[in-house]
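Please walk through this structure with me.

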Protein chains: 2
Amino acid sequence: MKIIVDVMGADNSPDVMVKAAVRAVKELSAQIILVGDEKEINRVLSENKLSSADLQIVNANDVITMEDDPISVRKKPESSLAVCLNLLKNGEGDALVSAGNSGALLVGATLFVRCIKGVRRAAMAPVMPVKNGMLMIADSGANIECKPEMLEQFAVMGSVYMKNVLGINNPRVGLANNGAEETKGTDLYVETHKVLKENKNINFVGNVEGRGVPMGECDVLVCDGFTGNLILKTYEGAGKMFADEIKNMFKKNIISKIGALFVLGGIKDLKKRMDYKEIGGAVILGISKPVIKAHGSSDEKAFFSAIRQAVNFVSTDVISKISDEMGKEA
Amino acid sequence: MKIIVDVMGADNSPDVMVKAAVRAVKELSAQIILVGDEKEINRVLSENKLSSADLQIVNANDVITMEDDPISVRKKPESSLAVCLNLLKNGEGDALVSAGNSGALLVGATLFVRCIKGVRRAAMAPVMPVKNGMLMIADSGANIECKPEMLEQFAVMGSVYMKNVLGINNPRVGLANNGAEETKGTDLYVETHKVLKENKNINFVGNVEGRGVPMGECDVLVCDGFTGNLILKTYEGAGKMFADEIKNMFKKNIISKIGALFVLGGIKDLKKRMDYKEIGGAVILGISKPVIKAHGSSDEKAFFSAIRQAVNFVSTDVISKISDEMGKEA
């Protein structure tokens, strides 16, 4: 298996990406193609005394920054991202991982690699730690305006992913909404509720309110990208705020610092369970080849997890399973 | 000042409401009109050996339940809520507090008491504890479909409330969105961004992403009711989840229980700051008289806080200040 890694365009590029890739070669028995400024890549390897064994380097002279327009992936054919996408399209690698510009990755994946046959639009679908498990949000920002059939496809694709990659039996699909009754929400949500209810290929558990998201009331949360983005980031922000508050609580004085020592194991355990860096990135769901978007601010651990996620994505053959589902009658 | 209290229709009705009202009479120097089943009210007073001094009791034979349709406020004229609304409308009290059916309260307030002149639609606007302060979300569920002019009015009314009742100088208004750029979001949000930017009577700080909500990046968050409800409840759910996790961490074993003793002060302090029960309920913003919706599951403390909030709402004369703003050019 060969994973294509875009080392440019992220907050900690390229150092973190190169180091994570070297670790992935060792631990995941995957081959890696590093794409980016060759001189920079070699600098990182030599500075960190890392071997380039099983690493293939493809030079790219240009880079898409976080500030660039998504369509710049077309206008910058020499950019690391455009080079990555062409490698993926041409079958020179099995999956792509990037921590760069989300919009450009999404647009590029759709334009260069294309959607799975029958899929109307790709979704940005991160997997989050919640109470007692993991939750995929589809969509979390790729599609601001949606139609019921799009949300239905997100539900189907998300179910296939969560079942195969995370091993969740019969994943529960919930529809984000402002109430439990099926008449709740905007026209889009009332209509989508009906469509999901009638779909025999998914395990639809009904509307899920905001409280149900952190409490893990479903495994796949279906919503439009505007709503999903706000839910995702409110949840992330709340996590950050509470973590800060707890840190301050323990750091307050010598007594509280002693207290922290008594619960060190518990703190570490909670931190590990709630740490997105352990999980990976967002799946670009619906593209005909595996594409993972890692956090823009990924550190080595987070980026390594994203590569591992790509490896699992490929080895579980989710794309062809989604493709089969797309052919089925609902 | 006279506060009308609906004691029926909530999870802990009427016991909690009656007890909170007696406390409010003592501590807030407010007169209270209790509305509900007179026998039940007298039972609570006698069981708890409470004095009925400064309490006026108005009997109501019917009740609107949580399951009733909002419009039932019309169909049940004998219900405690309908009686409350008529008392408010007729000037027999200065404000209304209810922990019952939100939809019925909103519809009833609009139909019986009416909106402030010039206000298109009332908003359900809770005040939440966030990092370093308080945040009002307007709307959080009253208006599923909105127009830019409605969101603009929520911004203006929310600013007046936060300035006068919470004493926040020049409250920062943020527009919920999936990105910081002014071109982000659905058509409604792109259009609303323009309108808010041009309004000279508010302190618009631009789009606020989900992460900015718990981090307190604004004092008034403006959004449609569908989005606001999901943001509010995701945040509440995250708070509940983290609180549970921390409790479990401390309860794990004898060592961790000892640890908890060392940070007891910090835990209490955090709990107090994050406790919605200390704050009150949601303001029904835009109604021509003060109406507060307390949590359906309010305990005595929460319901007392809601009465206190109503007292502050009246004493700061926010309604006539909103009324003045409605007459101003934007």
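How much area is buried between chain A and chain B? In this predicted model, the figure is about 4700 Å², and carbon and sulfur atoms give 73% of it. Three residues stand out on the chain A side. Arg211(A), Phe226(A) and Phe262(A) supply 14% of the area that chain A buries against chain B, more than any other three residues. In terms of contacts, 49 residues of chain A meet 49 residues of chain B.

Charged and polar links also cross between the chains. There are six salt bridges between chain A and chain B. One of them joins Lys131(A) to Asp244(B), with the closest N and O atoms 3.6 Å apart. Six residue pairs are in polar contact between the two chains.

Which elements of chain A give two or more residues to the side that touches chain B? They are α7 (187-198), α8 (225-251), α9 (254-262) and α10 (264-274). The largest share, 20 residues, comes from α8(A). By residue type, this side of chain A divides into 25 nonpolar, 13 polar and eleven charged.

Now the rings. Over all chains, the count is six aromatic pairs. The planes of Tyr161(A) and Phe313(A) stand at 85°, with centres 5.3 Å apart, so this pair is edge-to-face. Tyr161(A) lies in α6 and Phe313(A) in α11, so the pair ties together parts that are 152 residues apart in sequence. Tyr161(A) is buried at 0% relative accessibility, and Phe313(A) is buried at 2%.

Another pair is tilted: Phe250(A) and Phe250(B), 6.2 Å centre to centre, with 50° between the planes. This pair crosses between chains, from helix α8 of chain A to helix α8 of chain B. Phe250(A) is buried, with a relative accessible area of 7%. Phe250(B) is buried at 7% relative accessibility.

Key:
Residues numbered from 1 in each chain as written. Chains lettered and ligands numbered in written order. Predicted model: local features only at pLDDT ≥ 70, side-chain atom pairs only at ≥ 80, totals over all residues. Heavy atoms only, no water. Contact = heavy atoms within 4.5 Å. Buried area = accessible area lost by both parts, 1.4 Å probe. Salt bridge = Lys/Arg side-chain N within 4 Å of Asp/Glu carboxyl O. Polar contact = N/O pair within 3.5 Å; in protein donor to acceptor, adjacent residues only side chain to side chain. Helix = DSSP H or I, 4+ residues; strand = E, 2+ residues; numbered from the N terminus. Nonpolar A, V, L, I, M, F, W, Y, C, P; charged D, E, K, R; others polar. Phe/Tyr/Trp six-rings, centres within 6.5 Å; stacked < 30°, edge-to-face > 60°. Buried < 20%, exposed > 50% of the residue type's maximum accessible area, 1.4 Å probe, protein only.
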